[in-house]
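Please look at the structure first; the text then goes from particular contacts to the whole chain.

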Amino acid sequence: MKADPSRPRRPREAGTRAILDSFAEGNPDDILTLRELLAGLGRRAFGMLLFVSALPAFIPIPIGGAISGPLAMLIGAQLLIGLRKPWLPEFLAKRGPHRQALRRFDKLISPWLGRLEHLIKPRLTLLLDHRIATLLTGLLLVLLGVLTSLPIPFTNFVFGGLLLLFALALLERDGVLMAVAWVAGSAAVVTFGFLSGNLAALLAQMLDRFF
């Protein structure tokens, strides 16, 4: 069926780069709360929350992973139980990064986003919205969150990069990129987690607490 030329096309939602640029504008000392960052993003809000949650992992000190890990686990758990939009406790919703920090990260990542803009686009959204796909994404985010929280040397940047991959797939509504994130995330879980025994031992402890 041919598209009706008289019917107005639905405008494409702003991309990640445009969203980050808009957040970077203004007083650098302002704090952008998570509530403000997620406002108006609809189904892409999980991607923005994960994007912001991944930022501390790039701080070259162990506490970065201790912040990013639990946040990634929280997002993954909400996808696992089927929430349509992120839920945040009030003490988290009213907190967030300084605009200056987002501006610095925007400057760092913009060249890379510029190169990827012609590759990342909304497609194969079934790999984002189907219940089984959401379960897989949620499970991998929980496992990657656990790994990010562990004091495994020289891995924060690796796990932070993987979380950003998931975040971009959710933000850009790109099912192909999500499939790449699944493969890369699964490889990281096997390589750094189960093969080292750290993740298996920690998951066993968590299951013992609940059951």
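## Salt bridges and the loops they join

Arg173 and Asp129 meet through their side chains in a salt bridge, with 2.6 Å from N to O. This pair links distant parts of the chain, 44 residues apart: Arg173 is in the loop between α9 and α10, and Asp129 is in helix α7. A salt bridge here is a side-chain nitrogen of Lys or Arg within 4 Å of a carboxyl oxygen of Asp or Glu. By this rule the count comes to four salt bridges.

The model is predicted: local features need pLDDT of at least 70 and side-chain atom pairs count only at pLDDT 80 or more, while totals for chains, interfaces and linings use all residues. Residues are numbered from 1 along each chain as its sequence is written, and side-chain values use heavy atoms, with hydrogens and water left out.

| Pair | N to O distance |
|---|---|
| Arg173 and Asp129 | 2.6 Å |
| Arg35 and Glu90 | 2.7 Å |
| Asp174 and Arg123 | 2.8 Å |

Asp174 lies in the loop between α9 and α10 and Arg123 in the loop between α6 and α7, so this pair ties together parts that are 51 residues apart in sequence. Asp174 is buried, at a relative accessible area of 0%, whereas Arg123 is partly exposed at 28%. Buried means under 20% relative accessible area, exposed over 50%, and partly exposed in between (1.4 Å probe, protein chains only).

Arg173 has a positive phi of about 60° although it is not a glycine. Leu124 likewise has a positive phi, of about 45°, and is not a glycine. Most residues other than glycine have a negative phi. Leu124 is found in the loop between α6 and α7 and counts as exposed, with 53% relative accessibility.

## Helix α4

Helix α4 covers residues 63-80; these 18 residues reach 26 Å from the first C-alpha to the last, close to the 26 Å expected at 1.5 Å a residue. That expected span is 1.5 Å times one less than the number of residues. Helices are DSSP runs of H or I with at least four residues, and strands are runs of E with at least two, numbered from the N terminus.

Which parts of the protein cover the buried residues of α4? The cover includes α3, α5, α8 and α9. Among the buried residues of α4 are Ser68, Leu71, Ala72 and Ile75. Ser68 has a relative accessibility of 0%. Leaving aside residues up to four places away in sequence, Ser68 touches Ser53, Ala54, Leu55, Pro56, Ala57 and Thr148; contact means heavy atoms within 4.5 Å. After α4 comes Gly82, whose phi is positive, near 90°.

## The whole chain

The protein has eleven helices and zero strands. Of its 211 residues, 43% count as buried. Among contacts between residues at least 6 apart in sequence, 78% join residues at least 24 apart.

The average pLDDT (the predictor's confidence in each residue, from 0 to 100) is 82, and 83% of the residues score at least 70. Over residues 1-11 the pLDDT is below 50, and this stretch has zero contacts in the model beyond near neighbours in sequence. Where pLDDT is low, the predicted coordinates should not be read in detail. Among the elements, helix α11 has the lowest mean pLDDT (62) and α8 the highest (94).
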